[in-house]
Amino acid sequence: MTDFNIAPTKPRKTGPVARKDETGENFPVASRLIPKHLRPHVIAFYRFVRLADDIADDPDLEPETKLAYLEALERALTSGQAKHAYLKPAVDLRESLQTTGVSDRHARQVLRAFRRDAVGARCHSWSDLLLYCRFSANPVGRYLLDLHGEGVAAGPASDALCSALQVLNHLQDAREDWTQLGRCYIPLGWFDESGVSVERLVEAESDPRMRAIFDQALEHTDRLLERAAALPGLIRHRGLRMEAAVILSLAESLSRRLKARDPMKARVTLGTGHKLAAVARGLARSFSAA
């Protein structure tokens, strides 16, 4: 739940930096539904994860350099000591976690996924992809639940929503991930079963067999969203319950749009009208779940 590449190394003077901030995400990060006093902590967690993600995705870094940067991030998070300015998000998150009493395990789990990205690991089955999401996405939702003092009951539904959001993002970026990073998150076994080469991801349009692979991924994602539908009713905190319901509705809308549009032609996103309608549905869902 959100707020619920290989070329020769180029010299860097200050270390890696995040290439976008919370305003550029698909789904809300630290929106006004989150209590004002908790928003800075959500932003601190986001900025740590964003930097780590961008390190793993940097096309100008060799895998060994990416791993070294990620290791330095984890050391700064656990020790509170940073020799370089780029590590500030790790130090800031450590201070945030000490203030809120939330464990650092969620941030450290996310680093496991980014280390996998750094070395170009791929998913061969749907189970592989869900295992990747277990570390790349699900800890974000678990962090938000812990931050709001929620119990463990909402955990599985939160995991389902976070995994669905991650897969939807992979489908949006499937062509770009392949052409820019040589990375494919869609299970490679599905390409083999369909007699399609993963190299077809360079094409500017899906053929029927590629479309069927996207649809297969969306069918699995819809099953995740069905499991996530219980999440708002399991969250006691009113603001977080509303946030989760809105994100769930946005994810459902994006899934429908991906079924109707070809992500190979252009990145499929939600327009303003789709977003407003999804927000309205989400708020209504949160009130009925209260």
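Start in the core: select F48, L73, L161, I186, F191 and L201, the residues that touch the most other members of the 87-residue largest nonpolar core. Such a core is a set of buried Ala, Val, Leu, Ile, Met, Phe, Trp, Tyr and Cys residues joined through side-chain atoms within 4.5 Å. Buried means under 20% relative accessible area, exposed over 50%, and partly exposed in between (1.4 Å probe, protein chains only).

Now colour helix α1, residues 39-57, which gives the most to this core, with 11 residues. Helices (H or I, at least four residues) and strands (E, at least two) are DSSP runs, numbered from the N terminus.

A word on the model before going on. It is predicted: local features need pLDDT of at least 70, side-chain atom pairs count only at pLDDT 80 or more, and totals for chains, interfaces and linings use all residues. Residues are numbered from 1 along each chain as its sequence is written, and side-chain values use heavy atoms, with hydrogens and water left out.

**Stop: F48**

Zoom in on F48. Beyond its neighbours within four places in sequence, F48 is in contact with L73, L77, P89, A90, L93, A107 and L111. Contact means heavy atoms within 4.5 Å.

**Stop: Q166**

Move to helix α7 and pick Q166. Q166 counts as buried, at 14% relative accessibility. Show the side chain of S136 as well: the side chain of Q166 makes a polar contact with it at 2.8 Å. A polar contact is a pair of N or O atoms within 3.5 Å; within protein, one must be able to donate a hydrogen and the other to accept it, and residues adjacent in sequence count only if both atoms are side-chain atoms. Together with S136, they are what Q166 contacts once its neighbours within four places in sequence are left aside.

**Stop: the cysteines**

How many disulfides are there? The count is 0, where a disulfide is a pair of cysteine sulfur atoms within 2.5 Å. Select C123 to see one case: the nearest cysteine sulfur, that of C133, is 7.5 Å away. C123 is buried, at 1% relative accessible area. Next, select C184. Its sulfur is 8.2 Å from the closest cysteine sulfur, in C123, so the two are too far apart for a bond. C184 is buried too, at 3% relative accessibility.

**Stop: the salt bridges**

The model holds 19 salt bridges. Each is a side-chain nitrogen of Lys or Arg within 4 Å of a carboxyl oxygen of Asp or Glu.

Begin with R267 and D173, whose side chains meet at 2.6 Å, N to O. R267 sits in the loop between α12 (238-260) and α13 (272-289), and D173 in the loop between α7 (155-172) and α8 (174-181), so the pair ties together parts 94 residues apart in sequence.

Go on to E252 and R285, with their closest N and O atoms 3.1 Å apart. E252 is in helix α12 and R285 in helix α13, 33 residues apart, and the pair links distant parts of the chain. R285 is partly exposed, at 24% relative accessibility.

Finish by selecting E71, E74, D104, R108 and R115. Salt bridges that share partners join these residues into one network. Within it, D104 bridges to R108, with the closest N and O atoms 4.0 Å apart. D104 is partly exposed, at 22%, and R108 is partly exposed, at 36%.
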